[in-house]
Amino acid sequence: MSAERIDPREPVSPAVSAPVADAAARVAGVQIDGVTKRFGDATALHEAWLKIADGEFMTLLGPSGCGKTTLLNLIAGFLEADGGEIFVGGRLMTETAPYDREIGVVFQNYALFPHMNVAKNVGYGLRMRGVAKREIETRVAEALALVKLDGFGERKPRQLSGGQQQRVALARALVIRPKVLLLDEPFSALDKNLRGAMQVELKEIQRRLGVTTIFVTHDQSEALSMSDRIAVMSQGRIRQVGTPDEIYRRPLDPFVASFVGDVNVLPGRLERRIGETATVLIAEGRLSVSADTLEGIAPGAAVDLYVRPDAVRIAEGEGLVSGTVATHVYQGSHVDVLVDVAAARGGRVTVRVPGHGASTRWPAGTRVSLDFSPADAVAFASDVA
Amino acid sequence: MSDPRKRLISAKAGERLLAIAGWTVVWLVVAFIILPAVVVGISAFNDRAILSFPPQAWSTRWFARAFSYRDFSEGFRNGLIITAFASSIALVVGAGFAFALDRYSFRGKMALEAVLTSPLVIPHFTIGLGFLILAAQIHATRTFALVIVCHVVLVLPFVMRSVYVSLRNLDSRLELAAASLGARPGRALFTVTLPLLIPGLFSGWLFAAILSFNEFTASLFVTAQATQTLPVAMYNYVREYADPTLAALSVIYIVVTALLLTIANAFLGLGKVLNVEHVR
Amino acid sequence: MNKRPFLALFVAPATLAAIASAAALAAILQYAFRAYVPGSLNPGGLTLDNFFALLRPLYAQVFIQTVWICLLTALITLVVAYPLAFALVRTRNVALKSFLLITAVTPLFLGEVVRTYSWIIVLGNTGFINSVLKGLGIIDRPIQMMFTTFGVVTALVHVTLPVMVIMLSAALSHIDRDYEKAATSLGAGPVKAFLTVMLPLSMPGVVAGVSTAFAWTFSAFATPQMIGGGKVSMISTLVYQLGFASFNFPFAAALSVTGLALTFAVLAMAKQAIKPLEKIGAH
């Protein structure tokens with residue numbers, strides 16, 4: 001890469017700095033075609049298929065050991081796949097070493113070189129590319145400005161706070177104008193308040209640069225708030241890919257439903273299925289839900305209805321289930337009312353009530369009826385025999 | 001015998017007594033360790049040629065003799081030559097192998113590691129005898145090369161351990177970070193791995209040097225008059241003379257070693273190298 | 001892409017070193033089965049005589065004495081080293097910690113000759129202890145400590161102490177302090193908490209330390225040679241005598257090989273003993 005590289009897509013607006021526009025010109029989509037990775041007898045990743053568009057913010061979400069970090073390491077080239085192919089910008093990566101991939105990585109612990117100061121850390125990738133000293137200085141300064149760390153170049157990593165270290169790591173990954181940015185649980189080491197601020201900042205930088213970003217996390221709220229799309233993973237498989245809203249409101253399987261957000265489970269029975277609509281019989285009533293998730297399930301089979309706490313209402317009159325208020329969990333902006341419902345899985349249903357009047361309105365011991373819109377419920381074949 | 005501060009604050013007399021008893025034992029052990037050094041220090045300045053206590057008159061003449069005695073100065077010189085070669089060779093060999101041990105799996109890895117660390121449990125007289133017989137079998141004479149090879153084998157486990165511990169404490173993600181930023185393996189090694197290993201390499205080299213310089217038993221077997229090291233010269237001296245020259249030399253030895261270790265501790269953290277402190 | 005860059009470069013020198021030590025051991029092993037030709041440095045034909053000779057009472061007794069001295073030394077060293085290791089790990093005073101560490105470790109780097117010589121001055125008939133006792137009027141005639149098992153073991157304890165302290169400290173420092181806190185919160189006093197929690201959890205370190213001390217004592221030469229003065233013999237001193245006084249290298253080799261087998265047997269036993277202990281300590 002030469003310093004004088006002429007870019008056909010010159011910055012449109014003078015307000016946008018050089019690395020920003022340049023990054024936008026280089027971004028590339030990522031395509032993962034049936035990638036498998038085994039460690040000994042254990043299959044860490046089982047034929048993963050995923051397409052990530054240019055400039056997209058894709059989150060790999062799942063519990064620890066689900067294979068999300070393995071997939072990240074495969075994309076970065078730190079691991080070699082046992083099967084399948086990975087393309088970046090349409091180019092097959094199998095034979096490409098990590099140092100030739102042009103992929104920026106922000107590590108969980110940031111992996112800042114402890115023997116180099118901030119400027120040396122950020123400029124490392126440029127030195128490896130033989131960029132002229134002058135240009136390195138300029139681009140390092142720009143990258144530090146981008147992450148709001150102007151003037152921190154001389155500090156050593158250990159003299160920085162966790163948030164500052166993370167900014168340096170981000171600057172270091174971005175300064176090489178990567179085709180793709182990989183983020184491995186970058187917020188896990190930060191305390192809660194700082195985490196929120198950094199999330200917003202990262203999202204803004206990503207929007208401005210338009211760099212394709214793959215973000216690995218086990219934190220579902222982080223995934224919901226930051227992503228264009230989410231790939232939910234478990235046990236080495238991608239379970240569902242969709243927008244945060246799709247993942248939250250239309251989960252495709254019980255795992256996704258219970259891993260992303262809180263959920264109530266009501267056991268029932270599939271009465272009949274007509275076209276796209278399935279009628280499900282539960283304790284005190286029947287309702288019609290989407291049949292998408294009940295493919296191949298015969299009428300009469302046991303099914304579970306999944307309903308989010310925020311979709312459940314305490315009914316004035318008749319409801320779909322009834323129970324007794326057990327206790328209240330005050331959450332600031334809302335109150336979770338925990339209702340003992342004999343017909344629910346686990347004997348409990350959580351109702352999320354906005355505001356803070358719930359405890360006086362329905363004190364513990366009150367008999368209540370609960371209701372929800374069939375559109376907010378998803379049915380899955382029961383996994384309990 | 002538990003945390004002294006906590007016990008002292010505590011009002012319970014029993015616990016305080018326990019702490020006092022515990023620390024008394026600790027200081028008695030410390031006294032046991034230091035006693036010979038102190039006694040040697042006193043007798044080094046004893047004017048009389050026969051070892052006796054307490055000294056009637058004081059003198060520094062044994063230090064003068066220690067410096068002028070030819071076998072000692074030659075032993076010192078020989079020791080430096082052997083130590084310089086043995087510890088440097090051991091550093092290169094041990095560091096390379098520790099790296100391979102930490103990073104790669106290859107055929108014969110376990111066997112190689114077992115053979116190279118075996119001098120930790122094989123008596124030095126056995127190793128010395130082995131190299132002596134080996135030299136006789138291949139009709140080699142007792143040259144510097146023989147002593148150096150023997151010392152390399154003896155100190156190698158210590159270098160390997162020191163470098164291996166440093167490698168283990170080195171976050172492998174730093175190298176992945178370097179690779180993701182475009183560093184080829186060679187450049188990553190020289191710009192990231194090696195600079196971060198310097199303390200471990202240095203302490204490994206230092207331990208190897210101290211151990212090699214002071215090695216006695218195996219050296220007794222593999223050295224000849226011309227390659228005799230300082231400890232061997234000292235041993236031969238005790239068999240011939242009973243004057244405190246050796247005490248004077250021992251004092252110098254103890255002071256220099258303690259100083260070196262204090263410096264090593266200040267710069268490198270001996271506790272971490274010896275694994276008696278929990279790292280991170 | 002090469003997944004193991006520089007592998008050959010890193011392993012080749014180590015292989016050479018391993019060949020050198022293996023060759024030295026092979027040389028001993030080979031000599032052990034060769035006949036001794038008096039007056040010649042070259043060995044004779046193949047024979048098992050050297051090993052049969054080991055069964056003679058004179059040599060068998062040296063074996064028993066060696067094992068006895070090694071055991072005694074290892075156990076005394078354990079008792080002496082434990083409090084020091086405990087204090088080293090527990091003190092929060094940085095200067096004290098450094099002092100204890102350097103005090104404990106320095107003897108390790110002094111070499112056997114300097115340390116043993118110091119003990120000659122301490123234990124000798126006109127040495128420190130006898131002079132002090134005489135000066136205080138406690139004794140008239142010096143107590144014989146040189147050339148006795150007591151003298152040899154005392155100096156050997158001093159020799160093996162550093163390595164024992166290091167191994168015990170390593171074990172103690174890796175024990176989570178919360179276990180002890182939990183024991184205290186459940187009503188155990190400091191002594192009970194130590195005996196029921198810390199001591200059992202440090203057992204792997206204790207076994208490792210004792211077996212290493214055993215091996216080190218077995219390996220010691222200068223101390224039994226200089227303080228034992230021919231009156232207290234160990235395998236090491238016998239090997240040296242056979243080699244350099246009577247030039248009977250085949251027999252010295254056989255003695256070394258047998259000693260090595262003994263060392264490995266002891267270490268293997270210790271390893272077996274550690275296994276169940278480590279399971280207790282594992283989380």
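How many residues of the lining of the largest pocket are nonpolar, how many polar and how many charged? The legends below, for a predicted model, begin with this pocket.

**View 1. The largest pocket is lined by residues that include members of chains B and C.**
The lining of this pocket divides into 29 nonpolar, eight polar and five charged residues. The space in the largest pocket comes to about 1,700 Å³. It is lined by 42 residues, and the closest to its centre are Leu120(B) and Arg161(B) together with Met167(C), Ala208(C) and Thr212(C). In chain B, the elements that give two or more residues to the lining are helix H4 (70-103), helix H5 (109-117), helix H7 (144-169) and helix H9 (185-214). In chain C they are helix H4 (94-110), helix H7 (149-173), helix H10 (203-219) and helix H13 (249-281). H13(C) gives the most, with eight residues.

**View 2. The largest cavity has a lining that includes residues of chains B and C.**
A search of the whole structure finds eight cavities of 30 Å³ or more. About 520 Å³ of space lies in the largest cavity. Among the 24 residues of its lining, the closest to the centre are His124(B), Leu211(B), Glu215(B), Glu112(C) and Trp216(C). Two or more residues each come from H7 and H9 of chain B, and from H4, helix H5 (112-123) and H10 of chain C. By type, the lining of the largest cavity divides into 16 nonpolar, five polar and three charged residues.

Chain A has 10 helices and 20 strands. Its C-alpha atoms fill a box of roughly 75 × 45 × 45 Å along the principal axes. Of its 385 residues, 52% count as buried. Among the contacts in chain A with a separation of 6 or more, 66% are between residues 24 or more positions apart.

**View 3. Five strands of chain A form an open sheet.**
The order of the strands is S15-S19-S16-S17-S18, and the pairing is antiparallel. Strand S15 (313-315) and strand S18 (348-354) are the edge strands, each pairing on one side only. On average, neighbouring strands of this sheet are turned by 50° against each other, direction ignored. Within the sheet, strand S16 (residues 321-330) and strand S17 (residues 334-340) of chain A pair over six bridges in the antiparallel sense. Thr324(A) stands opposite Asp340(A) in S17(A). In a regular strand, side chains alternate between the two faces of the sheet.

**View 4. Strand S20 of chain A pairs with strand S14 of chain A.**
Strand S14 (residues 302-307) and S20(A) are antiparallel and share five bridges. Val307(A) stands opposite Ala377(A) in S20(A). S20(A) covers residues 377-381, and four of these five residues are buried, so the strand is largely enclosed by the rest of the structure.

**View 5. Thr227(B) lies in a loop of chain B.**
The loop runs between helix H10 (217-222) and helix H11 (230-240) of chain B. Is Thr227(B) buried or exposed? Thr227(B) has a relative accessibility of 3%. Buried means under 20%, so Thr227(B) counts as buried. Leaving out residues up to four places away in sequence, Thr227(B) touches Asn78(B), Ile82(B), Arg142(B), Thr143(B), Phe144(B) and Val147(B).

Definitions and conventions: Residues numbered from 1 in each chain as written. Chains lettered and ligands numbered in written order. Predicted model: local features only at pLDDT ≥ 70, side-chain atom pairs only at ≥ 80, totals over all residues. Heavy atoms only, no water. 1 Å grid on protein atoms, 1.4 Å probe; cavity = no way out; pocket = protein on both sides within 12 Å on 5 of 7 lines; lining within 4 Å. Points joined across faces, edges and corners; volume = space filled by probe spheres on them. Helix = DSSP H or I, 4+ residues; strand = E, 2+ residues; numbered from the N terminus. Nonpolar A, V, L, I, M, F, W, Y, C, P; charged D, E, K, R; others polar. Buried < 20%, exposed > 50% of the residue type's maximum accessible area, 1.4 Å probe, protein only. Pairing = 2+ DSSP bridges. Axes fitted to C-alpha atoms, helices over the stretch in contact; angles between N-to-C directions. Contact = heavy atoms within 4.5 Å.
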